[in-house]
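Good morning. Please look at the sequence and the structure on the screen, and then I will go through a few of its features.

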Amino acid sequence: MNNKHSSLAKRTLSKVPEVTFGFWVIKIAATTLGETGGDWVSMSLNLGYLIGSAIFAVIFIALVWGQVKAEHFRPVLYWATIVATTTLGTTLADFADRSVGLGYLGGVAMVSTLLAASLAIWHWSEGTVSVHSITRPKVEWFYWVTILFSQTLGTALGDWAAGSDRGGLGLGYEVGALVFGAGLIVVAALYFWTRVSHTLLFWLAFILTRPLGATLGDLLDKPVSAGGLHLSRLYASLVLLVFIAACIYFIPQRAAPADDETA
């Protein structure tokens, strides 16, 4: 019986990729795509943040459902779901900041509360928030909802740091990217040279890669007058999509082992 449960756990956990350097490369590219893709739908197509959020919410739920139902780790499905969380996170954050009128700091505060609540409920229910504890569909839903909130928070943080309107810090996209990149270096140093919880560091890194991707995405598609490069959101999104596909193909995509506690 124990062997049976062990095999089941490993089979379920195989849907979660091993956290390697390649994982973070694809993650940053996916978050950048989330920014350009989300802006293309909501702004370039003039659908607005609410309709854009509704579209991406349907895609997100469908992909998470497919991810939960999958019997093993499927790289394309997993990263498609990650991209769905980044695009939905972009439109949700923009809807809260701009349409609802919370401002950047208000959006950061609201989404931080939702993320903290998601992690707290997950931990209360399961006793851990490690990505390697995912052995049942219920925990997978916790995982993906938490990822969605972390992506939304990352968008809000990136906009708050870079923007000069709506209570933003006005650092600009280039400086914002450097700030969040430096934050990731600090997290990496803590990972390799301290005994700080790797689970905590994983979630910190996951959150920080989102504003880094958001500022990089804004750097690509915002007007030159706003500190961007004014590239087409559609073309930037397509280039990022091709890059992610190439990474998935060429970078080894191994399933995370059940007994790996390093994440």
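Accessible areas here come from the Shrake-Rupley method with a 1.4 Å probe, and for residues only the protein chains shown count as cover. By that method, the protein exposes about 12,300 Å², and carbon and sulfur atoms supply 71% of that area.

Some ground rules. This is a predicted model, in which local features need pLDDT of at least 70 and side-chain atom pairs count only at pLDDT 80 or more, while totals for chains, interfaces and linings use all residues. Residues are numbered from 1 along each chain as its sequence is written, and side-chain values use heavy atoms, with hydrogens and water left out.

Now the overall picture. The protein has nine helices and zero strands; helices (H or I, at least four residues) and strands (E, at least two) are DSSP runs, numbered from the N terminus. Of its 263 residues, 49% count as buried, where buried means under 20% relative accessible area, exposed over 50%, and partly exposed in between (1.4 Å probe, protein chains only). A contact means heavy atoms within 4.5 Å. Among contacts with a separation of 6 or more, 75% come from residues 24 or more positions apart.

Next, helix H4, residues 75-99. Helix H3, residues 48-69, packs against H4 at an angle of about 155°, with the axes 8 Å apart. Axes are lines fitted to C-alpha atoms, for helices over the stretch in contact, and angles run from 0 to 180 degrees between N-to-C directions. H3 is therefore roughly antiparallel to H4. Angles under 35 degrees count as roughly parallel, over 145 as roughly antiparallel, 65 to 115 as roughly perpendicular, and the rest as oblique.

Helix H2, residues 21-44, also packs against H4, at about 45° and with the axes 8 Å apart. That angle makes H2 oblique to H4. The H2 side of this contact includes Phe 23, Ile 26 and Lys 27, and the H4 side includes Tyr 78, Trp 79 and Asp 94. By class, the contact has eight nonpolar, eight polar and four charged residues. Ala, Val, Leu, Ile, Met, Phe, Trp, Tyr, Cys and Pro count as nonpolar, Asp, Glu, Lys and Arg as charged, and the others, Gly among them, as polar.

Is Thr 85 buried or exposed? Thr 85 counts as buried because its relative accessibility is 0%. Leaving aside neighbours within four places in sequence, Thr 85 is in contact with Phe 60, Trp 144, Ile 147, Leu 148 and Gln 151.
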